[in-house]
Amino acid sequence: MYALMNFLHLLAAIIWLGGVSFVLIALRPAATALLSPPQRLPLIAQVLSRFFVLVWLSIGMLLLTGLPMLLNAGMKAAPVGWHLMLGIGLLMFALFGHLYFGPFRRLKQAVSASNWPEGGRRVGQIVILALLNLVLGALAIGAAIFLV
């Protein structure tokens, strides 16, 4: 059962961080190079709408698998890296919640209103928060690997 929980935990992290990497490194730069704001911003909003469903599912899976593994090991007996991973993960969840209910909601509103400057500003905020979460995710993985 532990192997299955660990697999699902890693899969959820891969989906979330891999998707963020794709959006930041591949999708956004290509869309910016090829499309004007009236085409680019609705595309980004639609892609993020679909991707964020996976992020919410990943957050649920990370909690449903990570917490039982941590509690099963015992909080006192668990490696310091696991505690750091939990703390960083909770920060990541909070940042994503802010991103989703703040800049992303406003991006969708700007796209609906065809307010391209506002939409571009909101995408810029999303990029900063997503990049921060990507760095935090790497730190959480590093803590779990190197601080055991």
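Student: Which residues does threonine 65 touch, leaving out residues up to four places away in sequence?
Tutor: Threonine 65 touches Met5, Leu8 and His9, where contact means heavy atoms within 4.5 Å. Keep in mind that this is a predicted model, where local features need pLDDT of at least 70, side-chain atom pairs count only at pLDDT 80 or more, and totals for chains, interfaces and linings use all residues. Residues are numbered from 1 along each chain as its sequence is written, and side-chain values use heavy atoms, with hydrogens and water left out.

Student: What makes the link between threonine 65 and histidine 9 a polar contact?
Tutor: Their side chains are joined at 2.8 Å. The cut-off is a pair of N or O atoms within 3.5 Å; within protein, one must be able to donate a hydrogen and the other to accept it, and residues adjacent in sequence count only if both atoms are side-chain atoms.

Student: Why is threonine 65 called buried?
Tutor: Its relative accessibility is 2%, and buried means under 20% relative accessible area, exposed over 50%, partly exposed in between (1.4 Å probe, protein chains only). So threonine 65 counts as buried.

Student: And why does valine 53 count as partly exposed?
Tutor: Valine 53 has 49% relative accessibility, so it gets that label.

Student: How do you know that the length of helix α2 agrees with what it should span?
Tutor: The expected span is 1.5 Å times one less than the number of residues. With 37 residues (37-73), α2 should span 54 Å, and its end C-alpha atoms are 50 Å apart, so that agrees.

Conventions. Helix = DSSP H or I, 4+ residues; strand = E, 2+ residues; numbered from the N terminus.
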